[in-house]
There are 2 protein chains.
Amino acid sequence: MAGNRIGTSDEGQAHTLPNPRQPGQVREEAALNEGIGCRKVTGPEPPAVPGPKIRTRRRAARQSPSYRSPMTNWKQKMEEALAEASQAPAHGDVPVGAVLVDPQGRTLASDHNRREEAQDPTAHAEMLVLSQAARQTGRWRLEGHTLVVTLEPCPMCAGAAVAARIKRLVYGAADLKTGAAWSLYNLPQDPRLNHHIEIVSGMLEEECSILLVDFFKNNLR
Amino acid sequence: MAGNRIGTSDEGQAHTLPNPRQPGQVREEAALNEGIGCRKVTGPEPPAVPGPKIRTRRRAARQSPSYRSPMTNWKQKMEEALAEASQAPAHGDVPVGAVLVDPQGRTLASDHNRREEAQDPTAHAEMLVLSQAARQTGRWRLEGHTLVVTLEPCPMCAGAAVAARIKRLVYGAADLKTGAAWSLYNLPQDPRLNHHIEIVSGMLEEECSILLVDFFKNNLR
């Protein structure tokens, strides 16, 4: 039932290489400038992500409690992220929430924007859950994991998602001013980088936007 | 003596809008795609960074212990960053070091790459010094501050520098594979973002590169 979860207009839209600047175009431009990452730039497209390993049902049962429903309900995970986001305004932070989901579909970490609370420029929701999840798993490589966030990540957070080697990014509202997973850049799917992330955008977009619009309306008064 | 510090080939090169993709070109392309940050994209170039405020010598002496040499010696700061970088391989980390310098030219924080040590994908040297400095000043806005780092920042770190509103980025070696302050992107000087950073590149480039080349040579054996 993947078609119902991903790819429908109601519950988010999966896309590949949606960079507004066509990738071929970028690569040609970059290749024109000598010394600009030539090896990657002129190389072939990144290899397709390998499919899941075939596991027997018994082995799957031992490894994962959620093997009966390997298709994670991203809508439900976004609701968790929204619940996190709604806690941010209490300490003056922009309501953005994030959840990190492991390959078995379990929520490994969840947090919200704490830039104002912690007075730390790096304390965005995405950064906090990536760090927390890495601490919990004991590994900085979060392969197979999914980052669910209410707002399109900024360049810092999109860059961190690539650095953490996550598999999938699910986001709600687009950020036309600083978004780096579609709007201004598409860092998670830049063919020149050494890791590429599947993106599902527009998940519960309206609910995510309303939280933000209300916050800025109240703070502009 | 600014000409001796910044802008010479020996000690780093100051540049403005050095994105390999010409900014006008990027803006035109982006404008062609509807809804892609139109307000910022079609807007005017960012305003020039205002010059230093004129201060009497007595007032300057009260505010800053280094008023006699307001021109910070970036070469010396890069040597501090290099000393940090050289500590990283002891715990299996890539030798990248960073120093955060306050507007008075004092080193506020210094650290090196700790991704492997902390098993945290966000524990790059730049991220650590930005967080440390914000904790010390008690403010996430690090206006007027300078980030000195031995390697061109990746998208995460360049994005964090923009998010922290620093004034200047000084880096040593270029990173042709993931660099986001010249090589693949120029995030700190993207006219569509709400903050722009002065860049000085190539500071003690050879020393910074040698550390990295030696590290990878030893680790490939």
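I count a residue as buried if 20 or more other C-beta atoms lie within 10 Å of its own, as exposed if 12 or fewer do, and as partly exposed in between, with C-beta atoms placed from the backbone. The model is predicted, and local features need pLDDT of at least 70, side-chain atom pairs count only at pLDDT 80 or more, while totals for chains, interfaces and linings use all residues. Residues are numbered from 1 along each chain as its sequence is written, and chains are lettered from A in the order in which they are written.

Entry on chain A. I looked up the strands, taken as DSSP runs (E, at least two residues) numbered from the N terminus, as are helices (H or I, at least four residues). In strand β5 (residues 168–173) of chain A, six of six residues are buried; in β6(A), five of the six residues are buried, so this strand is largely enclosed by the rest of the structure. I then checked pairing, which requires at least two DSSP bridges between two strands: β5(A) pairs in the parallel sense with strand β4 (residues 146–151) of chain A over five bridges, and with strand β6 (residues 198–203) of chain A, also in the parallel sense, over three bridges. I noted Tyr171(A) as the bridge partner of Val149(A), Ile199(A) as that of Leu169(A), and Val200(A) as that of Val170(A).
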